[in-house]
Amino acid sequence: MDEREIVRIMLSHGLNLTPDAFDIIKGFSEDQFNELLRRISEKFPDAAVVTREMVEPEEVEELEEMLSVEFQASANPVDGTLEEFLRYMRDRFSRIQGLILSRTGLKAMEIAAVKRMSPGESVTVIGMVREKKKTKQGGEMMLIEDISGEIPCFLQNGALKERYDRVVRDSVVAVNGTITKNGGINVRNIIFPDVPQRDRKSIRAEGKIAFISDIHIGSKYFNRKAFSSFIEWASDQDDLKYIILCGDLVDGVGVYPGQETELEVSNVWEQYKLASEFLTHISKRKKIVYIPGNHEPVRQSEPQPPVPDKYSMFLPENSVKLSNPSIIGIGGVRIMIYHGRSLNSVFKYIPGMQPVSPSSVVKAMETLLVLRHLAPIYGEHPIAPGDRDELVIEEVPDVLCMGHIHVYGVGEYKGVKLINPGTFQEETPYIRKMGIEVTPGTVPVLDLKTMNISIERF
Ligand SMILES: [Fe+2]
């Protein structure tokens, strides 16, 4: 709106403006301005001066209304007993078994009952993969088990190799085939829990979400310049409403042997202080959703609780600390956020997944979605066997976001957006050893209205 016109109308209502309120109102359309006048006369009938707070609050409330926390991991402490482990794995099995049955309508038998069948008969079973190995004849086999027993499944059909390779230890799949002479199964098909095709739903929200991850503040390799330009850019974007930070905001201390030689700031409090110097530049009208990664000062076993409150003083008040993993809703869009530590094992164990690149990062995330589990291979990184396996992907999200691997990737699988923001850390000696070509300074931005994703580079 015209600046003189704003002042004239305000004065005609007996209102003065503070300079920062004036700055905001200058960007208003006529409708927004009239709406503001109505709100001021309703809420502040005696006001003589219009301040920034009086101009902003509705928008802040609106943002809060749009954001809902749909799932938080309980991350309860565990003792690590055999009973806990059994309960955890049984919970995983029965829930993913339920997902397979409800999606496919398969009629599956218990493994113990299959043992009583005759060679050549057709059968479908659902099992958790205990082991995969080569047979003496050089073929491929996997041993799967349910509560009733275990059965070897032999891969006979080369056309299934790609599907077979995607099956990792401790994942739950359905196997269809015929009974062998020795009471095993010759595999005809492998059926994943998978996800149904998602329909495009009507979105109630407007605005954009920027996804960032693996900033590693405190590390010598933290790219301060790129992160500063991201902060500057984010502050300038009026339609950017949310920033989702998928873990490793700080580099932490004592995360791996010899880390101290790679730290510029060797105290985690100081690292958070530095983080706050960056984050406080972002307007309070934008929300920052923050989950921990493996560098945060919080328990390492997944699921991880939010970063402890003692560090909150270093985070701006517009930040929301959540668990790893978490599910949030923004204006009806369901977003699952997980740091992505299991991506290492996906790259390690699935043939053909290497090298780490924007397209293979998407493929790796897609594999976890297909297996309906965020970290299927037990024991590759610390996982706490709680009462319930909170890493099962029960509800299918609209957006699945992970970081950790330091290479960005953006894609889509059956209508689910897959986003990995990459990093703001340059190549470290460890990453070089892993042979990963990092992509520092990439930020995927999701437009809620169109659900299109663009990549900003800093
Ligand atoms: Fe990281």
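The model is predicted: local features need pLDDT of at least 70, side-chain atom pairs count only at pLDDT 80 or more, and totals for chains, interfaces and linings use all residues. Residues are numbered from 1 along each chain as its sequence is written, and side-chain values use heavy atoms, with hydrogens and water left out. Helices (H or I, at least four residues) and strands (E, at least two) are DSSP runs, numbered from the N terminus.

**Helix α12**
- Helix α12 spans residues 358-371 and reaches 20 Å from its first C-alpha to its last, close to the 20 Å expected (1.5 Å times one less than its number of residues).
- Of its 14 residues, 11 are buried (under 20% relative accessible area, 1.4 Å probe, protein chains only); among them are E366 and L368.
- R372 follows α12 and has a positive phi near 55 degrees.

**R334**
- R334 lies in strand β14 (residues 333-338) and is buried, with a relative accessible area of 19%.

**Strand β5**
- Because five of the six residues of β5 (residues 140-145) are buried, the strand is largely enclosed by the rest of the structure.
- Strand β4 (residues 122-134) runs antiparallel to β5, joined by six bridges (pairing requires at least two DSSP bridges), and K134 stands opposite E140.
- β5 also pairs with β6 (residues 150-155) in the antiparallel sense over six bridges, where E140 stands opposite L155.

Notes. Buried means under 20% relative accessible area, exposed over 50%, partly exposed in between (1.4 Å probe, protein chains only).
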